[in-house]
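Good morning, and thank you for coming. Please look at the structure on the screen while I take you through it.

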Amino acid sequence: MNRESTARVLRTLRGMPTSDGAGVRLTRVIGTQMLPDLDPFLLLDEFGTDRAEDYIAGFPSHPHRGFETVTYMLDGRMRHKDNHGNEGLLTPGSVQWMTAGRGLVHSEMPEQESGRMRGFQLWVNLPARDKMTAPRYQEFAPDQIPQVTPTEGVTVKVIAGQLGDVHGPIVQPATDPLYLDIALAAGRHWAYPLPEGHSVFAYVFEGEVMLGDVAEARPVVQQELAVLGGGRLEMSAGSRGARLILVAGRPLREPVARHGPFVMNTREELMQAFADYQEGKF
Ligand code: FE
C-alpha cells in the first residue's frame, strides 16, 4: 500500500426509507437504484426506531442462498432460528455473520415488545466456488469483540479485519472483510490505513465526521454513506462527535444474478434456487 496517499470520498448518498420482512421499517442504503451494490456488498439496511410498531412484526420465515448476511445489533434483542436447528439471541453489541451458502430458511424476530431497536444488516456476496457451501454461523457476543482506544477520544470495535495487532473475530478469506464500529468524541481526529484494492464505505449513524485530508475533506452527516477510494482515511469528528461503521471487502468481480433472497452468478442458478426452495431442499 502507498501509505502516503490519502483516501478520498468518491461520493456520498442517503438511504431510502423502505419496509421489509413482515413490515419492518428501515433505511436501505446499499441495494437501491442509487447504489445497487458495491462489490462484494449487495445490501445495507439500517434499522433504528423506538416505536415497537416499526419492528414488532419482524422477519418471519424466509430463505437465503448464495451469500452472507451480517447483522450487527446496537440496541434491542433479536432471536434467529433456522430450519437446520440453529438458534440464537442477538443482544446489543453482538454480531452474527451468517454464511447462507447453499441455503437455509430462517426467521429473525424481535425479542422485546417495546423499547429501542437499532442496528445494521449487511449482505456480502460469496464467490462462485463458495455459493453452495454448507451454511455456517460466526456469532459473537459484545465481550468477544475487541475494543481498542487508538488515541484519546477514539474507540473502535473490531468486528472484522485488523487494527494494529488486533484482529476481529470474523474470518472470511473470500472477501477479506473489514468491519469497524468507530466512535469519535467531539473534535477528535483519527486515521486508518484502508486495505488496498478493497471496496470501502463509511456510514455515519450518529453526529458528523469530516472524511479525507484537510485540503479536500468532505462532511458526512448522520444517515449518509460515503464511498471511499483507497489510502489512509483521515477522520475528524464534528462538534457533537460521531459514530460510524467503516466497512471494506475485496471485490469478487463475478457476474451477479440476484432476486430477493437468492444471489447467484447466472440466471440458470437463480431458477435452480427457486426450484430447490420450493421442493424443500434448503
Ligand atoms: Fe434473513
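**A buried phenylalanine**

F262 is buried, with a relative accessible area of 2%; buried means under 20% relative accessible area, exposed over 50%, and partly exposed in between, with a 1.4 Å probe and protein chains only. Before I continue, please note that this is a predicted model, in which local features need pLDDT of at least 70 and side-chain atom pairs count only at pLDDT 80 or more, while totals for chains, interfaces and linings use all residues. Residues are numbered from 1 along each chain as its sequence is written, and side-chain values use heavy atoms, with hydrogens and water left out.

F262 belongs to strand 24, residues 262-264. Strands here are DSSP runs (E, at least two residues), as helices are (H or I, at least four), numbered from the N terminus. Which residues is F262 in contact with, leaving aside its neighbours within four places in sequence? They are P63, H64, R65, F67, A257, L270, A273, F274, Y277 and F282, where contact means heavy atoms within 4.5 Å. By comparison of positions, F262 and G15 are 247 residues apart along the chain, and their C-alpha atoms are separated by 22 Å.

**The iron site**

The iron ion is coordinated by H62 (NE2), H64 (NE2), H106 (NE2) and E108 (OE), at 2.1 to 2.3 Å. Donors are N, O and S atoms within 2.8 Å of the metal (3.2 Å for Na, K and Ca); water is not among the atoms, so sites may look incomplete. Along the chain, these donors follow the spacing H-x1-H-x41-H-x1-E. Are H62 and H64 buried or exposed? Both are buried.

What is the geometry of the site of the iron ion? The angles among the 4 donor atoms run from 83 to 175 degrees, and the site is irregular. Four donors count as tetrahedral if all angles lie between 85 and 135 degrees; four count as square planar and six as octahedral if opposite donors are over 155 degrees apart and all others between 65 and 115; anything else is irregular.

**Two open sheets**

H62 stands opposite H106 in strand 10. Strand 10 (residues 104-110) is joined to strand 5 by 4 bridges, and the two run antiparallel. Two strands pair if DSSP finds at least two bridges between them. These strands belong to an open sheet of 4 strands in the order 5-10-7-8, with antiparallel pairing. Strand 5 (59-64) and strand 8 (87-90) stand at the edges with a single partner strand each, so one side of each is left without a neighbour in the sheet. From one strand to the next, the twist averages 20 degrees; axes are lines fitted to C-alpha atoms, for helices over the stretch in contact, and angles run from 0 to 180 degrees between N-to-C directions.

A further open sheet has 7 strands in the order 2-3-4-11-6-9-12, again with antiparallel pairing. Its edge strands, strand 2 (16-20) and strand 12 (136-140), each pair on one side only. Within this sheet, strand 3 and strand 4 pair in the antiparallel sense over 3 bridges, and R28 stands opposite D45 in strand 4.

**Salt bridges**

How many salt bridges are there? The count comes to 20, a salt bridge being a side-chain nitrogen of Lys or Arg within 4 Å of a carboxyl oxygen of Asp or Glu.

One of them joins the side chains of R25 and D54, at 3.4 Å from N to O. This pair links distant parts of the chain, 29 residues apart: R25 is in strand 3 (residues 24-30), and D54 is in the loop between strand 4 (41-49) and strand 5. R25 is exposed, with a relative accessible area of 54%, whereas D54 is buried at 9%.

Another salt bridge is formed by E111 and R77, whose closest N and O atoms are 3.9 Å apart. E111 lies in the loop between strand 10 and strand 11 (117-125) and R77 in the loop between strand 6 (67-75) and strand 7 (78-82), so the pair ties together parts that are 34 residues apart in sequence. E111 is partly exposed at 30% relative accessible area, and R77 is partly exposed at 34%.

Finally, K281 and E279 meet in a salt bridge at 3.1 Å, N to O, and both residues are exposed. Salt bridges that share partners also join D50, D75, R116, R118, D181, E206 and R243 into one network.
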